[in-house]
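Welcome, and thanks for bringing your viewer along.

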Amino acid sequence: MENPERDMGPGRKKEKIRRRPKKKERLTIIIFKKVGKVKTFKISSRLILLASLFFLFYIMATIFLTNAYFDIYRINKIQADRIDELSRELIKTTKNLERSKQHIALLDDYIKEEKAQSPEPMSTVDYTESSFPKLVDIDEIKVKRDRSKININFRIINRQSNEEPIGGYIFVLASVKDSDQSEVWVYPNSSLKDGLPANYKNGQRFLIQRFKSISSKYTLSKSTNKPLILKILVYDRNGTLILKKVVEV
């Protein structure tokens, strides 16, 4: 018999048993192109997992960015509408400001014009001749001069104690002070005789219970800035001169 230990001598090494590595799990995909023809290929499950994670992240990022885009678009739209509204309000306010400036300018011009045409102060030459007892009186005389145009406003007052109505005729005569010429402007227009109206009935008629405002307008034949002498003559219904008031303007 052979000694089994003979083959187990020290000179021989034990043969190592090699094991085959485990194959990685792969997915097999089969594609049928035509009848009888099959195409097969394998894909790693790890690759599929990574691809799934990538697409999941892509979808989530797309949703997030889309929502962010619409949020920004909505905010920008609101801000744009607000800017348009503010622009319209600014244009409206600017127009109102321009109109206010024009209105203020017109008021300034009106005030300047009123100051320029305000009644000139009366001089000390102011006296009244009246019948006795005094039946009427003149007050609140206002004169506006603009070159050759003169506006005279005053008030005639009933001074009778019994307050009965009184009527008559009024003339206003204007002449240049210290003038050698005998030119006199009469309102209402009337010829003169001895410095007085020839016909008292040509005067401006009045009938008052208490008082009445009288206005007369002149257009002089020439423009002058020299002082004028105004004579206000009041006649009763019978043609009697009951008041003569003289002022310098």
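Which residue in E5 does arginine 145 stand opposite? Select arginine 145 and look across to E5: the residue there is isoleucine 150.

Before we go on, a note on the ground rules. This is a predicted model, in which local features need pLDDT of at least 70 and side-chain atom pairs count only at pLDDT 80 or more, while totals for chains, interfaces and linings use all residues. Residues are numbered from 1 along each chain as its sequence is written, and side-chain values use heavy atoms, with hydrogens and water left out.

**Stop one: the sheet**

Colour E4, E5 and E11, which make up an open sheet of three strands in the order E4-E5-E11, paired antiparallel. Strands here are DSSP runs of E with at least two residues, helices are runs of H or I with at least four, and both are numbered from the N terminus. Two strands pair if DSSP finds at least two bridges between them. E4 (136-146) and E11 (211-219) are the edge strands; each has a single partner, so one side of each is left without a neighbour in the sheet. From one strand to the next, the twist averages 15° (axes are lines fitted to C-alpha atoms, for helices over the stretch in contact, and angles run from 0 to 180 degrees between N-to-C directions). Now zoom in on E4 and E5 (residues 149-158), where nine bridges join the antiparallel pair.

**Stop two: valine 136**

Stay in strand E4 and pick valine 136. Is valine 136 buried or exposed? Its relative accessible area is 0%, so valine 136 is buried (buried means under 20%, exposed over 50%, partly exposed in between, with a 1.4 Å probe and protein chains only). Leaving aside residues up to four places away in sequence, valine 136 touches Ile156, Ile157, Arg159, Ile166, Val234, Ile242 and Leu243; contact means heavy atoms within 4.5 Å.

**Stop three: leucine 196**

Next, jump to strand E9 (residues 196-197) and select leucine 196. Leucine 196 has 31% relative accessibility and therefore counts as partly exposed. Show Ser191, Leu233 and Tyr235 too, which leucine 196 touches when residues up to four places away in sequence are not counted.

**Last stop: methionine 60**

Finally, follow helix H1 (residues 45-116) to methionine 60. With a relative accessible area of 53%, methionine 60 is exposed.
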